[in-house]
Amino acid sequence: MAQNRMAPNKRKRLFRRKKVCRFCADSSIAIDYKDPQTLRFFTTERGKIIPGRVSGNCAKHQRKLTAAIKRARTIALMPYAATLSHY
Ligand SMILES: [Zn+2]
C-alpha cells in the first residue's frame, strides 16, 4: 500500500505505459535523415530500427522515421549494423 511515499509530487511517468508518439506530442521534432542524433533514439545500439509498437510512435511517423533512417544509412550517417565487439 505504501507505493507513493517516495515522491508524491513527481509526475506520473511510467515508461512503457501510455506510449504517445513523440513526434505527434512535440511537433518541433523534425524527422530528418540528415539528423542522425534524433534518429538514433529510435534504433538500438546495434543499429536496428526499434519497431513502432515498442517506441510508441504512431504508424504515420514510424513510416517517416524508418524511411529517414534508411535514407541516412545509404549516405552512411547511420549504421546498417554496428558490430558489437566481443568483450
Ligand atoms: Zn505521430
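Analyst: Gladly! A residue counts as buried if 20 or more other C-beta atoms lie within 10 Å of its own. By that cut-off, 15% of the 87 residues of the protein chain are buried. Please keep in mind that this is a predicted model, with an average pLDDT of 84 for the protein chain.

User: What makes the largest nonpolar core a core, and which residues are in it?

Analyst: Such a core needs buried nonpolar residues joined through C-beta atoms within 7 Å. Ten residues form the largest one: Phe23, Ile31, Tyr33, Leu39, Phe42, Leu65, Ala68, Ile69, Ala72 and Met78. Its largest share, four residues, comes from H4.

User: How do you know which residues Leu65 is in contact with?

Analyst: The C-beta atoms of two residues must lie within 7 Å for a contact. Beyond its neighbours within four places in sequence, Leu65 has Ile31, Phe42 and Asn57 as contacts.

User: What span is expected for H4, and what does H4 reach?

Analyst: The expected span is 1.5 Å times one less than the number of residues. With 16 residues, H4 is expected to span 22 Å, and its 23 Å from first to last C-alpha is close to that.

User: Why are the buried residues of H4 said to be on the same side?

Analyst: The buried ones are Gln62, Leu65, Ala68, Ile69 and Ala72. They cover an arc of only 130° around the axis, so they sit on the same side of H4. On the other side, Ala59, Lys60, Ala67 and Thr74 are exposed. The cover over the buried residues of H4 includes helix H2 and H3.

Key:
Residues numbered from 1 in each chain as written. Predicted model: local features only at pLDDT ≥ 70, side-chain atom pairs only at ≥ 80, totals over all residues. Buried ≥ 20, exposed ≤ 12 C-beta atoms within 10 Å, placed from the backbone. pLDDT = per-residue confidence, 0-100. Helix = DSSP H or I, 4+ residues; strand = E, 2+ residues; numbered from the N terminus. Arc of directions from axis to C-beta.
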